[in-house]
Amino acid sequence: MEQKNKFNNRLGIWGWLSGGRYGLERYAYSLHRLCGLGILAYFLLHIFVTGSRIDGQGSWDSAMSSVEGIIFKIGEFLVFFAFAYHGLNGIRLILTEFGVFLGKPKRADFPYKQSTLRQRPVLLVVMVLAAILTIVGGWDFFIAN
Amino acid sequence: MGENPNMDTSQAEEIVKTVTYNVLRYDPDKDSKPRMQRFQVPVPKGRTVLEGLIYIKENLDGSLTWRSSCRMGVCGSCGMFINGLPRLACQTQILDLNADEIQIKPLPNYDILKDLVPDLKPLLEKHKYIHPNLVRREGKEIDGLTGEFFQTPKELENYIQFTFCIKCGLCLAACPTVATDANYLGPQALAQTFRYNTDTRDEGNQFRFDLIDTADGTTKCHFAGACSDVCPKGVDPAFAIQLLKRDMLLHKLHIKRKEKGVPILGKVTDGKRMKGVPDAPEKTV
Amino acid sequence: MLKESTYWYLFLLAGLFILVLLSIHMTIMHLDQLLVAIGIGSGDVLKFQSVLARGRQSFFMVSYIILLGAALYHGLYGLRTILFELNLKKGLQTAITAVLLIGGLGIFVYGTYVAIAAKMM
């Protein structure tokens, strides 16, 4: 017999971001998705802003001056970080999603190290590299310029 | 309770501490939404979260409802969301949680039937959808089996890890995609797809690839890995799904295709005995 | 209609293209001071004259168009994946695919026109 008044306990979009004390990979996934959406939004805007260059120098200069403020600079820096992370983590994902770094299947005798832990060092390398790139980018964006 | 010597708790081990159980309650006949209820539970060394629930039912509130059976991590009934992670209540010791308050909710991403009882029907339906059985082109091989299939221990090793799934459903509770998407096949079903596809006795690869190569199949797995983090049996569903993705690609590129399953061995006596292996003992029945 | 996995493989492939091209793009445009510091940049990448000069080179025109196409496919397919995980009805899914496809093609045509027009300037 089908029970009628069941309570829907689906976590919803909140479940993409959090939902429990899971491993690092689940939060790497959330950040990857967030960065991807950020880059996409910037990219669509970017096409039209830089498209103004075919209307001559005046049009280009006015487009550039409209995106000159500190807010835009911080926004651009965030996009730079997003690309660094999304790209590096993307390489990790392409490899791991085809089984690289995950080892071979074998009988799980406890204590047992699951695949996420076996590729964890790669994720840590990705994060360190992304941090280094972000620092270099920060120097270029805010100090050198 | 005291009359049954087996159930006598008066002589039980020393109570180490008392914890607060904060348990989700939902009665479909009365409540429109769930509420939380607190209980004080004394904890001797080694008491599991499930035993704590049994203590509440016996001593504090007989109406508390949950699902459990074997109380030793084999049946997969008592999956619950305990202090921030989906876990089996029977395999989680209260003292291991290192907390004075234990929050217990039914597994997320399933409908709640009552209190701590989730509706696992979607899980089981998805499991059935991928045909979790040996598929042979010649059905009579399975229906009127005349002998054993030939399979080496090495071939068994390639998938045995994934056969330990007990359908407890923790993986779907952990999966971020399932958090919004009811149609996604989910870690359990996809891991079992890999398990049967990798079985050398099976001939259903192409058949199952067609079943899962939809917008609701492997492409919705983004290797968040939470399913593997919570699996109580070391099945490692995320691992199986990534290997499944690789096999799908190799199959598509004609690099690695399993066209035919292993043959059925003839009579037991048809095999060649290795040197030094003694005869089987006489039958006793 | 191709199988879903085929679209996904293209999505990964596009991602690899973007990784190479966007890395070059980001280095030239946003790490400009670093390039100056190691002695291979001029530092005025956003001046109209240097934008114009880059646009006239065939290498930049071609790589802009490839980057545009790959990034649009990768980004919009990614967006579609995210939207499809919201448990939408089949009809709405088809509508989303159509909107993203037509919108993406429109932006691609516009961007390609800009890249070619900039080459002529």
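These questions and answers walk through a predicted model, chain by chain and contact by contact.

Q: How many residues does chain B give to the contact with chain A?
A: Two chains share this contact. Chain A puts in 42 residues. The number from chain B is 58.

Q: What area do chain A and chain B bury between them?
A: Carbon and sulfur atoms make up 54% of that area. On the chain A side, Phe7(A), Arg10(A) and Pro105(A) supply 18% of what is buried, more than any other three residues. The area for the two chains is about 4,000 Å².

Q: Which residue of chain B forms a salt bridge with Glu97(A)?
A: Chain A and chain B have three salt bridges between them. In the one formed by Glu97(A), the closest N and O atoms are 2.6 Å apart. A salt bridge needs such atoms within 4 Å. The partner is Lys245(B).

Q: Which helix gives the most residues to the side of chain A that touches chain B?
A: The interface holds 23 residue pairs in polar contact. On the chain A side, helices H1 (14-17), H2 (24-51), H4 (70-96) and H5 (115-118) each supply at least two residues. With four residues, the top giver is H2(A).

Q: How far apart are the C-alpha centres of domain 1 and domain 2 of chain B?
A: Chain B is divided into domain 1 (5-118) and domain 2 (121-252). Their contact takes 15 residues from domain 1 and 15 residues from domain 2. The distance between the C-alpha centres is 31 Å.

Q: Which residues of domain 1 of chain B lose the most area to domain 2?
A: The two domains bury about 1,000 Å² between them, with 60% from carbon and sulfur atoms. Three residues of domain 1 together account for 50% of what that side buries. They are Pro86(B), Asn109(B) and Tyr110(B).

Q: How many salt bridges are there between domain 1 and domain 2 of chain B?
A: Polar contact is present here, in four residue pairs. Strands S3 (79-82) and S4 (85-88) of chain B each give two or more residues to the domain 1 side. S4(B) has the largest share, four residues. The salt bridge count is zero.

Q: Is Ala117(C) buried or exposed?
A: Ala117(C) lies in helix H5 (residues 90-120) of chain C. Gly55(C) is 62 residues away in sequence, yet 8.9 Å away in space, C-alpha to C-alpha. The relative accessible area of Ala117(C) is 18%. The cut-off is under 20%, so Ala117(C) is buried.

How values were computed: Residues numbered from 1 in each chain as written. Chains lettered and ligands numbered in written order. Predicted model: local features only at pLDDT ≥ 70, side-chain atom pairs only at ≥ 80, totals over all residues. Heavy atoms only, no water. Domains from an automatic or database assignment. Contact = heavy atoms within 4.5 Å. Buried area = accessible area lost by both parts, 1.4 Å probe. Salt bridge = Lys/Arg side-chain N within 4 Å of Asp/Glu carboxyl O. Polar contact = N/O pair within 3.5 Å; in protein donor to acceptor, adjacent residues only side chain to side chain. Buried < 20%, exposed > 50% of the residue type's maximum accessible area, 1.4 Å probe, protein only.
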